[in-house]
Amino acid sequence: MMRIGIGEDIHRIDDGRTLILGGVIIEEGPGLIGHSDADVLLHAITDAILGAAALGDIGQHFPPGDPRYAQADSADFLRAATSLALASGWAIANIDATVRAERPKLGPYIPHIRQRIAEIASLDISCVSIKAKTSEGLDAVGRGEAMAAAAAVLLQPRAG
Ligand code: MG
């Protein structure tokens, strides 16, 4: 038996903040606004894991109004969701995600982002797929006002 989950997120752009995407600092920015470190990609993946395990959503586990999560490292959210799924008997089979951003060009960062997510979730890098695209000048992403991410995660029964 397998379980599938999906996750989505969007954050507003703020040039004054540092961009952190998939747990990787991207110096050229632009940054994103959020209560935590605003890592839109890790938030979408975290929600997909929680969704696949039917364990609620990221806002329930890490409420944005909770001062404990101000400036939080979203790697902690992903790690926690992975542990919660494991505790419920599920291991991640694979992650596939897409980030939408007009800038920066994300292609050069993708290998590092995949590596970082694999580390955080204790997976082989071959189980982590990250894709990037623009929005062709359409919608909030296309106008350069936001970055968005969507993720799918498959869970399989944990070994042992
Ligand atoms: Mg978010």
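Visitor: Which residues of helix H3 are buried?
Guide: In this predicted model, a residue counts as buried when its relative accessible area is under 20%. By that cut-off, the buried residues of H3 are Ser74, Ala75, Phe77, Leu78, Ala81, Thr82 and Ala85.

Visitor: Within what arc do the buried residues of H3 fall, seen down its axis?
Guide: An α-helix has 3.6 residues a turn, so residues three or four places apart point the same way. The buried residues of H3 line one face of the helix, because, seen down the axis, they fall within an arc of 160 degrees.

Visitor: What covers the buried residues of H3?
Guide: H3 runs over residues 74-87 and reaches 20 Å from its first C-alpha to its last, close to the 20 Å expected at 1.5 Å a residue. Its buried residues have a cover that includes strand E5, strand E7 (146-157), helix H1 (40-52), helix H2 (58-61) and helix H4 (110-120).

Visitor: Which residue caps the N-terminal end of H3?
Guide: Just after H3, Gly89 takes a positive phi of about 95 degrees. At the N-terminal end, a side-chain oxygen lies 2.9 Å from the backbone nitrogen of Ala75, and the capping residue that supplies this oxygen is Asp73.

Visitor: On how wide an arc do the buried residues of H4 lie?
Guide: In H4, the buried residues are Ile110, Ile113, Ile117, Ala118 and Ile120. They sit on the same side of H4, because around the axis they cover an arc of only 165 degrees.

Visitor: With which side chain does the side chain of Thr98 make a polar contact?
Guide: Thr98 is found in strand E5, which spans residues 90-100, and it is buried because its relative accessible area is 18%, below the cut-off of 20%. Leaving aside neighbours within four places in sequence, Thr98 is in contact with Lys133, Ala148, Ala149 and Ala150 as well as Lys131. The polar contact, at 3.1 Å, is with the side chain of Lys131.

Visitor: Is His11, a donor of the magnesium ion, buried or exposed?
Guide: The protein donors of the magnesium ion, lying 2.0 to 2.2 Å from it, are Asp9 (OD), His11 (NE2) and His43 (ND1). Along the chain these donors follow the spacing D-x1-H-x31-H. Because its relative accessibility is 12%, His11 counts as buried.

Key:
Residues are numbered from 1 along each chain as its sequence is written. This is a predicted model: local features need pLDDT of at least 70, side-chain atom pairs count only at pLDDT 80 or more; totals for chains, interfaces and linings use all residues. Side-chain values use heavy atoms; hydrogens and water are left out. Donors are N, O and S atoms within 2.8 Å of the metal (3.2 Å for Na, K and Ca); water is not among the atoms, so sites may look incomplete. Buried means under 20% relative accessible area, exposed over 50%, partly exposed in between (1.4 Å probe, protein chains only). Helices (H or I, at least four residues) and strands (E, at least two) are DSSP runs, numbered from the N terminus. A polar contact is a pair of N or O atoms within 3.5 Å; within protein, one must be able to donate a hydrogen and the other to accept it, and residues adjacent in sequence count only if both atoms are side-chain atoms. Contact means heavy atoms within 4.5 Å. The expected span of a helix is 1.5 Å times one less than its number of residues. The arc is that of the directions from the helix axis to the C-beta atoms.
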